[in-house]
Amino acid sequence: KSRASTIIMATSKDATAAAPSPAPKQETRAQIENRKTAALLQWLESNGVYISDKSSWGVPGHSLVVANETMDDYEPSGRGLLARREITQGQPLFSIPEELVMTKEKAKKTLGSGLVTDDMDEFIALALLLIVERGKGDTSFWKPYLDIIPQDEELNPLFRWKDEEKALLKGSPALVAAESLKQK
């Protein structure tokens with residue numbers, strides 16, 4: 001007895017359906033930073049931040065720009081606000097409502113006076129508030145701001161350096177400052 005074989009030919013429609021879809025393109029670091037900056041600027045504007053009419057956020061060539069990387073004396077100095085034109089002394093550039101300023105009082109109001117006590121260091125209170133808000137993820141009111149705060153690996157803090165690396169700074173005030181931060 002012979003066995004009959006059945007060959008099934010896929011139509012082009014079937015072949016397309018079976019073909020794997022291309023992997024989504026990965027965003028570059030610059031694209032990610034630009035997206036985060038745009039979200040921050042939209043959040044600031046929607047929450048009442050005043051921006052001088054002599055500037056316009058997000059449009060190249062305007063007088064003020066939020067930069068992901070700035071330079072000071074030819075050294076990288078992190079994110080910041082840059083002026084691209086001359087600014088008249090006393091001219092208001094921007095105004096930030098108090099609701100958008102993280103303070104020890106805001107930490108106390110959010111986390112409670114049992115956790116944030118009057119004698120607590122302000123930096124510790126703010127650190128606690130940042131930790132709690134970051135833990136909320138997408139539900140945090142502060143998410144657009146939290147997203148632009150540099151991550152630990154971007155900062156490379158001295159207090160995390162190995163002893164051999166810190167030894168190179170012997171006698172430097174930077175080493176004393178790093179050790180002080182490590183103890184906090």
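## Ground rules

Residues are numbered from 1 along each chain as its sequence is written. In this predicted model, local features need pLDDT of at least 70 and side-chain atom pairs count only at pLDDT 80 or more, while totals for chains, interfaces and linings use all residues; side-chain values use heavy atoms, leaving out hydrogens and water.

## Confidence along the chain

Let's start with pLDDT, the predictor's confidence in each residue, from 0 to 100. The chain's average is 76, and 65% of the residues score at least 70. Helix 3 (residues 104–111) has the highest confidence, at 96, and helix 1 (residues 12–18) the lowest, at a mean of 48. Helices here are DSSP runs (H or I, at least four residues), numbered from the N terminus.

Residues 1–16 stay under 50 and have 1 contact (heavy atoms within 4.5 Å) beyond four places in sequence. Residues 56–65 also stay under 50, but with 29 such contacts. Where pLDDT is low, the predicted coordinates should not be read in detail.

## Helix 3

Lys104, Ala107, Lys108 and Leu111 are the buried residues of helix 3, where buried means under 20% relative accessible area, exposed over 50% and partly exposed in between (1.4 Å probe, protein chains only). These residues lie on the same side of helix 3, because they cover an arc of only 100° around the axis, taken from the directions from the helix axis to the C-beta atoms. Glu105 and Lys109, on the other side, are exposed. Helix 4 (122–135) is included in what covers the buried residues.

## An aromatic cluster

Trp43, Phe141 and Trp142 are linked into a cluster by ring pairs. Rings of Phe, Tyr and Trp (its six-membered ring) pair if their centres lie within 6.5 Å; planes under 30 degrees apart count as stacked, over 60 as edge-to-face and the rest as tilted. That rule gives 3 aromatic pairs. Phe141 and Trp142 form an edge-to-face pair, because their ring planes stand at 80°, with centres 5.4 Å apart. Phe141 is partly exposed at 40% relative accessibility, whereas Trp142 is buried at 6%.

Key
Helices (H or I, at least four residues) and strands (E, at least two) are DSSP runs, numbered from the N terminus.
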